[in-house]
Amino acid sequence: MKVKMLSRNPDNYVRETKLDLQRVPRNYDPTLHPFEVPREYVRALNATKLERVFAKPFLASLDGHRDGVNCLAKHPKNLATILSGACDGEVRIWNLTQRNCIRTIQAHEGFVRGICTRFCGTSFFTVGDDKTVKQWKMDGPGYGEEEEPLHTILGKTVYTGIDHHWKEAVFATCGQQVDIWDEQRTNPICSMTWGFDSISSVKFNPVETFLLGSCASDRNIVLYDMRQATPLKKVILDMRTNTICWNPMEAFIFTAANEDYNLYTFDMRALDTPVMVHMDHVSAVLDVDYSPTGKEFVSASFNKSIRIFPVDKSRSREVYHTKRMQHVICVKWTSDSKYIMCGSDEMNIRLWKANASEKLGVLTSREKAAKDYNQKLKEKFQHYPHIKRIARHRHLPKSIYSQIQEQRIMKEARRRKEVNRIKHSKPGSVPIVSEKKKHIVAVVK
Amino acid sequence: MNVNRVAESLLALSQQEELVDLPKNCPLSENEDEGDSDRERKHQKLLEAISSLDGKNRRKLAERSEASLKVSEFNVSSEGSGEKLVLADLLEPVKTTSSLATVKKQLNRVKSKKVVELPLNKEKIEQIHREVAFGKTSQVLSKWDPIVLKNQQAEQLAFPLGKEQPAIAPIEHALSGWKARTPLEQEIFNLLHKNKQPVTDPLLTPMEKASLRAMSLEEAKMHRAELQRARALQSYYEAKARREKKIKSKKYHKVVKKGKARKASKELEQLQKVNPTVALEELEKFENARMMERMSLKHQNSGKWAKSKAIMAKYDLEARQAMQEQLAKNKELTQKLQVASEIEEEEGGTEEVEELLVPHVVNEVQMNVDGPNPWMLRSCTSDTREAATQEDPEQLPEPATHEVSESEGERPVAEEEISLRDFEERRSLRKRSELNQDAEPAGIQETKDSSSQEVLSELRALSQKLKENHQSRKQKASSEGTVPQVQREEPAPEEEVPLLLQRPERVQTLEELEELGKEDCFQNKELPRPVLEGQQSERTPNNRPDAPKEKKEKEQLIDVQNFLTTQSPSVRSLAVPTTIEELEDEEERDQRQMIKEAFAGDDVIRNFLKEKREAVEASTPKDVDLTLPGWGEWGGVGLKPSTKKRRQFLKAPEGPPRKDKNLPNVIISEKRNIHAAAHQVQVLPYPFTHHRQFERTIQTPVGSTWNTQRAFQKLTTPKVITKPGHIIKPIKAEDVGYRSSSRSDLSVIQWNPKQITTRHSKELKKNSVG
């Protein structure tokens, strides 16, 4: 008797290796999958919840400074190395992978006001309250040698900030005026000034490297052109700007961290209206740094927290804080755009993940696919109220929370008053000023 | 622009200042006088003024404040006259006197000399510098606009931006550094060298190179294309031939053959005209073929197939036709080809020959009917022929069949066929009798069928009578209508008229009966049928009066629903005194009247009720088919989920009772589900412009469950990709294809400040001019 059997080609169902995925024959006909949207919604909800569950951004705290950390700098060639200057004049170089201090220098008397690395990564510059600019070697001194700066420039006035050119052996300091120095000379090759107040920080544009931006304590932001040795324009805001940071991917965009709790992103060609006003802090913003991708920036605030803002959003997407972290003075985004460092008043440097729930380390392809899929789902369903609520939920310290409430009330009251004023006055007599323009006092040519 | 304007205004200002200079100088001289003389003069003036107060010799005395050659009592000074002194006025007298040449010259010089520009103040200059510089810088920056825009809109950005070219050396380089060391390697290399195998790039032998050189690229391409075409054509042809060969349809092959034959004949005709000798040869060939055919038993209806067809022919029209065709073919093939002149002469002869060769049947039928195979035809259209036989009785079927049998007896025909034919004959006879049966009720053969029909007819008669009693006009009319028709069809004896009359009904009953099953005894059916019919008929007259009643009832029902329109007495409360009630009634009536007049045309309440009914209908859940094919059973093409399962999943859930169920004049919309609303997006999110757009994005699934792997990957690509452990540098002009500025930022800084200022002032001038 002949027995007829079902015979199948094993190639159709047998895996080649154990690591292969099991083949799942599937019919993609949408009529057979009537519940695709609800299922995806549930997946998105779960992904959002899991994101919150795994949101543990704090990685490490680097302690060792004996005073508040006043300034931070990244190594341009090495991701693991960072430099920090403290309020007691001490400069420390840290190794992030080992999470320890690899070198300590007593660089200045008084504050280390500014620190910056040379573009090649061989040396770095510091300025201090002792009216000096010092250049140091990145590598430590040999055995038996003394720790000494390569160069020391004695200035006439106190320098409050320093930044190095991105390509050439030029650096800029600020204080009474903006000085541009050749590394080889002891006198500035050019000094530019506009107004008489002290300038708190100066920053080189990373893309069009001849541009500089500075902010002074007379509430203004001044832009300079190094090639033409002249200031370009000045914008006066409501309150003092503490520092500015240029977008590394968009040459004409910079963000200013202001005392009025807000950050302002400007297009430098049109200073009369900021591109975006970022508001979420409840105290003065002290520092800001762009992600190297140019899509986000991080800001440090006096209210003991740091926040991450997307460039095109006015509200922050993330807030980091710990109980022990005090006023955050400086913040930096690492060059691989994965981590954030912040130095604070209570002598510690903290290392955070830029994406709070991101898994560190190497991902397998399946993990990566799952991550991408979850990300996409979260994005797709982000407007759904339950998902939005979960995604937005953050725990805040009581002080910040109450301050937010308070300020909300204040803001609402102000808004109401303004509306009432408009309502009860002759139409057109009270101009309606947009939120963006409200904070700009003047633009000086 | 702005800069220009400022510069212009500045220049204009300075010029104005120049112009103002001259007249200003005049009054200035007044103040130069010494204190004492001034006092004296004032005193004198005062005296004069007093003296002139009389009014008669009141005269304006102007003070002379200029040095002039002539000192006259008539003052020259402009003061007091109220007119401005212009340079031309001064020059006029000078022109006349030649002695004042030097003064004149001097004055001319003054007139023609250009005034040196007043230097701008420092702030202004700086501002202009800044503005110029800003303009330049923003121009430089605007080159980044497209890149920024592109990056913002990019589906995906991969960082770090600059593509690092992997430094892989070409294989020749690697090979050049490598030398054969072991004997085996050396041997291999020797072999390679002997054959002139290339070791380095390009990996072509000299032969290959030569061949490459021999044929130019275009030539080679053309050649190749031709070859390809030829190959393709061949393959098409082969495929076509194979396909045609595989076709089983005989009709097709027949058509093909016919086509070929026609073609051949045409060619022959052509040949006759062109080359008669060759044509003759061709004809001979045909003749030969004919002879062969005649000799053979092909197409003689003697083959196995033909016999089987002959059996089938009685029942199957196709078989019949096939046989006919075969015979026709035979005839055609055996027909002698004739030259046109011979046809008339040999007509008779050919007939004879045909008679001899072809079975008699064929001829006979030819005589009878025009068709080619009459005995086949007979069987195929037996009914019609029978009708024909009825019509002309001289041509009886029996002798014809006899003839057939005789003629067939002549030829060696299988006995089966004869028997078959006999059988057919008998059958035809029987049919005829059946047909005639109506005419002759006492038939020759009383088969079962006829008897049953008789019973049926009796039945029908009964029912007919019953119906007549009821006298339903309609039926009568219809029957009357049918009568003449039937009579026309069959002029039958008068006795049978009632039977025939019943035709329409009978057919109905017959069919019904058949449905019920013939085996069921007729007696049983006999009784219920009339009764049923009676009932039916009874119902119909009854229904007529009933129908309006029902309508009325329905209307009443509607009125119950529409009680809003009519004033219901039960609504009135008893507590209200009747007088007031009456008053109110009057008022109400008035108002009602008014409202009625106002809304004469439209029935609002009815519309409202209609609306409400629609709303209720819309809100009742409808059955939804939620069966998933293949769940809990086999699925696939051609398989459908069982009805049981479908029933299980088709149910619509019973909704909660409507809130406005007991509120007749209210519609409470329950469309908004509060519980669902908490999960729904209330406001259209920002980038979307229409809610449908948003819905569509939500409805397209992303997951791999509903998408192919490729689509899934495409859909879930992240917007920004970064490599762990890679430093992302700021964007560079070279990265995006711009030429980075060659001069260093530092180069300009070692400037001479003066140079820069001169350059800027030049620019400034240009701006002020332009």
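# A guided tour of chains A and B

Among contacts in chain A (heavy atoms within 4.5 Å) between residues at least 6 apart in sequence, 49% join residues at least 24 apart. This is a predicted model, in which local features need pLDDT of at least 70 and side-chain atom pairs count only at pLDDT 80 or more, while totals for chains, interfaces and linings use all residues. Residues are numbered from 1 along each chain as its sequence is written, chains are lettered from A and ligands numbered from 1 in the order in which they are written, and side-chain values use heavy atoms, with hydrogens and water left out.

Begin by colouring chain A by secondary structure, which comes to 5 helices and 29 strands; these are DSSP runs numbered from the N terminus, helices being H or I of at least four residues and strands E of at least two. Of the 445 residues in chain A, 51% are buried, where buried means under 20% relative accessible area, exposed over 50% and partly exposed in between, with a 1.4 Å probe and protein chains only.

Next, select residues 123–128 of chain A, which form β7. All 6 of the 6 residues of β7(A) are buried, so the strand is largely enclosed by the rest of the structure. On one side lie A:Ser123, A:Phe125 and A:Val127, and on the other A:Phe124, A:Thr126 and A:Gly128, so that both faces are covered. In a regular strand the side chains alternate between the two faces of the sheet.

β6(A), residues 112–117, pairs with β7(A) in the antiparallel sense over 5 bridges, pairing being assigned if DSSP finds at least two bridges between two strands. Here A:Thr117 stands opposite A:Phe124, and the hairpin has 5 residues between its strands, with A:Gly121 in the turn at a positive phi of about 85°. β8(A) also pairs with β7(A) in the antiparallel sense over 5 bridges, with A:Val133 as the bridge partner of A:Val127.

Stay at the hairpin of β7(A) and β8(A), which has 3 residues between the strands, and centre on A:Lys131, whose phi is positive at about 60° although it is not a glycine. A:Lys131 is partly exposed at 35% relative accessibility. Then move to A:Arg99, in the loop between β4 (90–95) and β5 (100–106) of chain A, where phi is again positive, near 60°, and the residue is partly exposed at 43% relative accessibility. Most residues other than glycine have a negative phi, and most peptide bonds are trans.

For the open sheet, show the 4 strands of chain A in the order β1-β28-β27-β26, with antiparallel pairing. β1 (58–63) and β26 (328–333) stand at the edges with a single partner strand each, so one side of each is left without a neighbour in the sheet. Between β1(A) and β28(A), residues 348–353, there are 5 bridges, and A:Leu62 has A:Ile349 as its bridge partner.

Now select A:His33, in the segment before α1 (36–53) of chain A, which is buried with a relative accessible area of 15%. Its side chain reaches the backbone oxygen of A:Asn27 at 2.7 Å. Leaving aside neighbours within four places in sequence, A:His33 is in contact with A:Asn27, A:Tyr28, B:Thr705 and B:Trp706.

Note on methods: Polar contact = N/O pair within 3.5 Å; in protein donor to acceptor, adjacent residues only side chain to side chain.
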